[in-house]
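Please open the structure in your viewer and keep the selection tool at hand.

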Amino acid sequence: MNIAVFFILFFFVISVLIGIQAKKGKEMNLEQWSVGGRGMGTLLIFLLSAGEMYTTFTFLGASGSAYGEGGSIFSIVSYGCLATVISYWTFPAIWRYAKKHRLVSQSDFFVKKYQSPYLGVLVAVIGVIACTCYLVLQLKGLGYIVSATSYGAISSTAAIWVGAIGVTIFVMVSGINGSARTAILKDILILGIVVFLGVYFPLHYYGGIQPMYEAIESAKPNYTILPDKGMSVSWYISTVILSSIGFYMWPHGFSPIYAASSEKALRKNAILMPMYQLILLFAFFVGFAAILQTPGLKGSEADLILLQLSKQDFDPWFVGLIGGTGVLAALVPSSMLLMSISTLLAKNVYSVFTPSATENQIAKLVKYLVPLISLVGIYLTFKGGNSLFSLALIAYNFITQLAPAFFASLMRKNFVTKQGAFAGIITGGVLVSIMELGNIKIGQLFPYLPQAIKDLNVGIIALFVNIAVLVVVSLMTKNITYTHKDNDVLETKTVEHKVLIQKESNSQST
């Protein structure tokens, strides 16, 4: 066994043990298991939020995208920062509502706000699809990282199986508590490793970051700036707006909100999170440093550029340390995804169609579903092929289409009905998926439009259509709803006209 394998296995075992140990002294009912008893402070919320945001992408996609796409990659940092600004205002409102009504899933929020279990089913199904695809991508990333950093001693297949088994065990035992504790070690390692590599490679190959960019500009003029067409300025702006709106629409993004001990913890988290975005810049630097050193890489080869450069320049023990950090970068978000999927299926799908199910039965089912979901994730990882990436694209587009109904629900006087929310989500999601999968551009449909409009992200066009449909359908169905104020929280309820008449008749009789 080489030294790299030792480091990889060491961090894997440590992460699982930390995850299991997190259960100590806690009664694992559904609320404790899924949202940590709503008692986590600023540090743990910060680490959980970072845990779901900074995944295997930090080691693979970030540097690979910088290598292959140039300046457009900076949109990720931009929309991540803007999303945290939005979270400063929205998270406390979500937290107050969730605490009052004891919500444990994203779908619960929509169910309660719109008084519609079946809208909750739609949101849950979308969430399950999205999270399953994201889980598959994490497992694939885990396999790539471990296989590369172990110098082939551990196969990708073995890494995926062992990693999935490990994360399944500590999720079943400790729930979100295990994710939070494991995230502490993960974030410390990522911070140290990625920042070091992002500084080292530009210095090593070019003498610094500025000389690196000067060399790239000399060899490939304008590579690091936005082009006039395609991924242009209008594409950049529309992508940043769209992605920042949808950034926290993922189901596992709601868990840290519900788990917070106070509104203050969430606001502090929003203030701190933009600084964490800086880590991605160092991953980008690695990708840019490789452009002139290993030119011509395409697709998955480009995604492995950080690992490839590391193996060329460092001893096996340090490569193993990178591999161990990559394992943690996959396990923490995978644990959050497993919890979200199982909670959505049990709480927001099964219980709707089995109303006789008790809370205790739901709590048990949530845990029993975790290994089944892991097996499905493993199967899709090995058998799904590239179509899974297309499915992930559809899922993300659908997730973003939840945003209009979500933000409307935060208004003091929400005019949106459950029918309007349902219609908007479906219309926007179907439209953007057709355009993305069919590679249909706005310029193809309307060739005489200005170039700035042609380059708009198609997702934002679908979002506008979503909003239009949501408004029209809500106005058409508003006559069968009424709103009332309950402790400063507005909720919408649908009431049959006959029931209203009967109540008035009874009151007059009395």
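How many aromatic pairs does the structure hold? This predicted model holds 31 aromatic pairs.

**First selection.** Select Phe-74 and Phe-288, which form a stacked aromatic pair with 5.9 Å centre to centre and 25 degrees between the planes. Phe-74 lies in the loop between helix H4 (61-69) and helix H5 (75-101), whereas Phe-288 lies in helix H14 (residues 278-290), so the pair ties together parts that are 214 residues apart in sequence.

**Second selection.** Proceed to Phe-196 and Phe-314, a tilted aromatic pair at 5.9 Å centre to centre, with 45 degrees between the planes. Phe-196 belongs to helix H9 (residues 176-206), and Phe-314 to the loop between helix H16 (305-313) and helix H17 (316-353); the two are 118 residues apart. Phe-196 is partly exposed at 37% relative accessible area, and Phe-314 is buried at 14%. Now extend the selection to the aromatic cluster that includes both residues, with Phe-6, Tyr-200 and Trp-317 also among its members.

**Third selection.** Finally, select helix H8 (residues 156-174) and helix H18 (residues 359-383), whose axes come within 9 Å and cross at roughly 165 degrees. Because of this angle, H8 is roughly antiparallel to H18. The crossing is right-handed. Display the side chains at the contact, including Trp-161 and Met-172 of H8 and Pro-371 and Phe-382 of H18. By class, the contact has 10 nonpolar, four polar and one charged residues.

Terms used:
Residues numbered from 1 in each chain as written. Predicted model: local features only at pLDDT ≥ 70, side-chain atom pairs only at ≥ 80, totals over all residues. Heavy atoms only, no water. Axes fitted to C-alpha atoms, helices over the stretch in contact; angles between N-to-C directions. Helix = DSSP H or I, 4+ residues; strand = E, 2+ residues; numbered from the N terminus. Parallel < 35°, antiparallel > 145°, perpendicular 65-115°, else oblique. Left-handed = near helix turned anticlockwise from the far one by under 90°. Contact = heavy atoms within 4.5 Å. Nonpolar A, V, L, I, M, F, W, Y, C, P; charged D, E, K, R; others polar. Phe/Tyr/Trp six-rings, centres within 6.5 Å; stacked < 30°, edge-to-face > 60°. Buried < 20%, exposed > 50% of the residue type's maximum accessible area, 1.4 Å probe, protein only.
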